[in-house]
Amino acid sequence: MIVTTTPGVEGHPIQEYKGVVFGEVIAGVNFVKDMMAGFSNFFGGRSGTYEEELIQAREAALQEMEQRAAALGANAVVAVDVAYEVLGSDNGMLMVSASGTAVVLA
């Protein structure tokens, strides 16, 4: 499956539009990861624990979006957008959503 942020794929005309597809993931960060990130915040530097959580959530959201596109009979998703949001009363949840248009390419 081709997944791209562009509105089309060069050399492959769009034959059919299947509709908008989404993939959403809400991930919580546990106490240990929060504590490790706190050390990075205190001493400076990057937070590998949060970065890894973010990478996993983004990959899962994109994979879910691809699966929904395939279920519609699409072989590509164009105009993909990935959004991030912090949720929860203590901002302890991360939401990653991916959206795009499922299409059939020639």
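Four strands form an open sheet in the order β1-β3-β4-β2, with mixed pairing. Strands β1 (2-3) and β2 are at the edges with a single partner strand each, so one side of each is left without a neighbour in the sheet. Three salt bridges are found in a search of the whole structure. This is a predicted model, in which local features need pLDDT of at least 70 and side-chain atom pairs count only at pLDDT 80 or more, while totals for chains, interfaces and linings use all residues. Residues are numbered from 1 along each chain as its sequence is written, and side-chain values use heavy atoms, with hydrogens and water left out.

**Terms**

- Helices (H or I, at least four residues) and strands (E, at least two) are DSSP runs, numbered from the N terminus.
- Two strands pair if DSSP finds at least two bridges between them.
- A salt bridge is a side-chain nitrogen of Lys or Arg within 4 Å of a carboxyl oxygen of Asp or Glu.
- Buried means under 20% relative accessible area, exposed means over 50%, and partly exposed is in between (1.4 Å probe, protein chains only).

**Sheet**

- Strands of a sheet pair through backbone hydrogen bonds, either parallel or antiparallel.
- β1 and β3 pair in the parallel sense, over two bridges, and V3 stands opposite V77 in β3.
- The pairing of strand β3 (residues 76-87) with strand β4 (residues 93-105) is antiparallel and runs over 10 bridges.
- Y84 has V96 in β4 as its bridge partner, and V82 has A98 in β4.
- The hairpin of β3 and β4 has five residues between the strands, and G88 takes a positive phi near 100 degrees there.

**Salt-bridge network**

- Side chains of opposite charge can pair when their charged atoms come close.
- A network of salt bridges links E24, E64 and R68.
- In the salt bridge of E24 with R68, the closest N and O atoms are 3.3 Å apart. E24 lies in strand β2 (residues 14-28) and R68 in helix α2 (residues 48-71), so the pair ties together parts that are 44 residues apart in sequence.
- E64 also forms a salt bridge with R68, with the closest N and O atoms 3.1 Å apart. Both E64 and R68 lie in helix α2, four residues apart, about one turn of the helix.
- E24 is partly exposed at a relative accessible area of 35%, R68 is partly exposed at 39%, and E64 is partly exposed at 21%.

**Salt bridge of E16 and K18**

- E16 forms a salt bridge with K18, and the closest N and O atoms of the pair are 3.1 Å apart.
- E16 is partly exposed, with 38% relative accessibility, and K18 is partly exposed, with a relative accessible area of 28%.

**Y50 and L94**

- Y50 is located in helix α2 and is partly exposed, its relative accessible area being 33%.
- Y50 and L94 are 44 residues apart along the chain, and their C-alpha atoms are separated by 10.0 Å.
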